[in-house]
Amino acid sequence: GNLELASVTTYAETRFEQTFDVDASSVTLIDLHATEPSDTWTQEFQLLSPESAKLPWLAGVNLYRQSASNLYVFADAVSAQPAFPAGTDVSNGLQDVSTEAYAVFAQVAYPFRERWTATLGGRWSSEHKSASLEPVPNAVTNAPTPYADVREWDDFTPRLALEYRGDLGLVYASYSRGFKTGGYNYPASLNPVLNPETLDSYELGIKTELASGRLRLRSALFYYDFEALQVSRGGAGAFITTENAASATVQGLEVDVSAALRSNLSLETGIALLDSEYTDYIAGVLVPLTIPPYGSGPLAGRLAVRG
């Protein structure tokens, strides 16, 4: 009929290899060889209302699946001596992570009066992740193995917008909530499991044309509120680890102006003002736990920073 159905399918195969001289010397002290392959499938179906619909809407479903692994080996590590003989390889283990996620979403626009439109939408996301860490054959594995863990997360993220289209252009106000997935650091048995990060976004903006269309103005005032903010810093085993360390706020103003000075000459300028701060940040050192379920715990005497 008048409905429109769209199907989007993607497949990505990634093979990443890196050899890195960590100690930056001529001695084979900490020479890292990293291998990180992954295979990712996504499938999305979208159903759109007819153009003549009094209440324009869309609905859909998104499917996601990924298989990935991490393998870091320090070949012939002098740092392993004298505990181990020369030529010994040291590894943090072979880590496999599987992700399955799906989401359903919908949005409807409601025009009321002559120039007003209200839009209401939402997305429900569900994710399932599992990780395992195994010892590497013919190498000394310095992370606790075997390790296995399974986590599930779900969240509902709504969106609400109000628009007014007048003689000066478009004026809008919106609220939306974002969901950023959690996951596992490497090696998983020495680092905390990363939980999802959420963001509440508030925005007020205008898009207008002045001087018979020769001057265009786009401006937005926004406020972001982060919870369980994902922060990267030094972790166990000389690696960077990402953890839920803070909550934070960001507020700002963006203004873009385009001016047609002549038929073949235009001027564009813009400015962005940002003010951001951590409102709750645990800045202490994490130490690895060597007994199940492993992971990490805060060192005594940690410093809590609050704005």
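A: R151 counts as partly exposed, at 30% relative accessibility, where buried means under 20% relative accessible area, exposed over 50%, and partly exposed in between, with a 1.4 Å probe and protein chains only. This is a predicted model, in which local features need pLDDT of at least 70 and side-chain atom pairs count only at pLDDT 80 or more, while totals for chains, interfaces and linings use all residues. Residues are numbered from 1 along each chain as its sequence is written, and side-chain values use heavy atoms, with hydrogens and water left out.

The partner of R151 is D149, and the closest N and O atoms of this salt bridge are 2.9 Å apart; a salt bridge is taken here as a side-chain nitrogen of Lys or Arg within 4 Å of a carboxyl oxygen of Asp or Glu. D149 is itself buried, because its relative accessible area is 18%. The structure holds nine salt bridges, among them one between E163 and R165, whose closest N and O atoms lie 3.7 Å apart. Another one joins E209 to R216, with 3.3 Å between the closest N and O atoms; E209 counts as partly exposed at 43% relative accessibility, and R216 counts as partly exposed at 44%. Salt bridges that share partners also join E13, R15 and D39 into one network.

Strands are DSSP runs (E, at least two residues), numbered from the N terminus, and two strands pair if DSSP finds at least two bridges between them. Strand β1 (residues 4–21) and strand β2 (residues 31–48) run antiparallel and are joined by 18 bridges, with E13 standing opposite D39 in β2. On to the next pairing, 15 bridges join β2 to strand β3 (residues 57–74), and these two run antiparallel; the bridge partner of D39 in β3 is S67. In a regular strand the side chains alternate between the two faces of the sheet.

Leaving aside neighbours within four places in sequence, L120 is in contact (heavy atoms within 4.5 Å) with A106, Q107, V108, R159 and L160. For one of these, Q107, which is 13 residues from L120 along the chain, the C-alpha atoms of the two residues are separated by 5.7 Å.

Methods. Helix = DSSP H or I, 4+ residues; strand = E, 2+ residues; numbered from the N terminus.
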